[in-house]
Amino acid sequence: MDKRNKPQSLSVTRISLLIFLMTLIFSSPFAQNPTYFTSFKTGAEWLADDGLPIDCHGGNIIYVDSLQTFFWYGEHYGNPRGAACYSSKDLYNWKNEGVVMTKGNIEIFERPKVIYDEINKRYVMWFHYDGNRYSIAELGVAVSDKPTGPFKLQNHFRPNGHESRDIGLYVDPETKKAYIGYAADHVNRTIRMVELSADYLNVTSNDVDINAHCEGPDILKKNGTFYLFTSGCSGWTPNPGHYYTSTSITGPYVIQGSPFVGDAGDNSFNSQRCYIFKIPGYKNAYLYMGDRWNGSGSPKSQYVFLPITITPGGQMEIHFYREWDLNIFTPEKKK
Ligand code: GAL
């Protein structure tokens, strides 16, 4: 009796194990995601948890310590148009958090960038607010209590009377002062750097022509040096990016050239820069975020994410990888 029962109880155990494993797989956070990512693949299809290509362009990434989560914001070209938000624990796999601010009747809504205001405990989004043929040329600002929105429009204006188009947003980790670098005047004649008010909701009169060209500047600060990274002006077509250095965020800046090493097409590895993200938990880990617009902004525009190196001599370098992961960086020692 015992002997005859054994095979049966073995198969019951196997079936239970199978059911348990299936439940585990289908209840996991990436159940619907056909692909689980363990690396960055330059220009390749990148799907979110909903199985759709990540539609989040020209934006930025922040890390929210209290939630131990990365949030990625950007232009959403699907329906409804506006600012998308995706969240992630590892920078490879992203959950679609939806459109956190709809474009509504704003004709052109580009380059949303979000920062956290530690004092007032709210998230502040700045973006390029524009109208027909980019003629309004303003900054827009919106706020939310939560990283996943909704963000409510507060204001839109020309900073100190200057036309403003592509923008970059930077918080100095030491002073907590925030700055917007903006492609200024007609048409993108120069880049200006403006300091924000302490609540990050307005601009101050500390607004300097930093005599750089010509679009969407990003800032990286290392060992007291500010690295300003810009693209040229060729619309949606990629062009060579350049970097400048200075000991002060408001300049004067000295042009250093292209950081792209071995860039045969001289077009930023076929991308346009949009942000530099300092990756927490690793030493000197900077992420180049670029867009491959493929002719225009669309839900399927691709991403070029590459590691940025600052050499011992202080040069900025970006090398091409078809595929890479965070093991390229040295982890910081846990405190
Ligand atoms: C690019 C700019 C984009 C968009 C585009 C329109 O140069 O970076 O954000 O404004 O021009 O042509």
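In this predicted model, the largest nonpolar core comprises 75 residues, and those with the most contacts inside it are Tyr73, Ala83, Met125, Trp126, Ile180 and Leu228. When neighbours within four places in sequence are left aside, Ala83 is in contact with Tyr73, His76, Val99, Val100, Met101, Pro112, Met125 and Phe151.

Part of the strand arrangement is an open sheet of four strands, which follow the order β2-β3-β4-β5 with antiparallel pairing. The edges of this sheet are formed by β2 (57–64) and β5 (95–102), each of which pairs on one side only. Neighbouring strands of the sheet are turned against each other by 25° on average, with direction ignored. Seven bridges link β3 and β4 in the antiparallel sense, and Trp72 has Tyr86, in β4, as its bridge partner.

Two cis peptide bonds were identified in the loops. One joins Asn79 and Pro80, with an omega of about -10°, and Pro80 is located in the loop that runs between β3 (69–76) and β4 (82–88). Another joins Gly149 and Pro150, where omega is about 0°; Pro150 belongs to the loop between β8 (138–144) and β9 (152–157).

Positive phi values were also found in residues other than glycine. For Tyr200, in the loop between β12 (190–196) and β13 (203–209), phi is near 65°. Tyr200 has 24 other C-beta atoms within 10 Å and is therefore classed as buried, given that the class requires 20 or more. Asn223 has a positive phi of about 50° and is placed in the loop between β14 (215–222) and β15 (225–231). Because Asn223 has 7 other C-beta atoms within 10 Å, it is classed as exposed, the limit for that class being 12 or fewer.

The ligand is surrounded by Gly58, Glu110, Arg111, Asp166, Glu215, Gly216, Cys233, Gly235, Trp236 and Gln272. The elements that contribute two or more residues to this shell are β6 (108–117) and β14. By class, the shell around the ligand consists of two nonpolar, four polar and four charged residues.

Note on methods:
Residues are numbered from 1 along each chain as its sequence is written. This is a predicted model: local features need pLDDT of at least 70, side-chain atom pairs count only at pLDDT 80 or more; totals for chains, interfaces and linings use all residues. A nonpolar core is a set of buried Ala, Val, Leu, Ile, Met, Phe, Trp, Tyr and Cys residues joined through C-beta atoms within 7 Å. Two residues are in contact if their C-beta atoms, placed from the backbone, lie within 7 Å. A residue is near a molecule or strand if its C-beta atom, placed from the backbone, lies within 6 Å of it. Ala, Val, Leu, Ile, Met, Phe, Trp, Tyr, Cys and Pro count as nonpolar, Asp, Glu, Lys and Arg as charged, and the others, Gly among them, as polar. Two strands pair if DSSP finds at least two bridges between them. Axes are lines fitted to C-alpha atoms, for helices over the stretch in contact, and angles run from 0 to 180 degrees between N-to-C directions.
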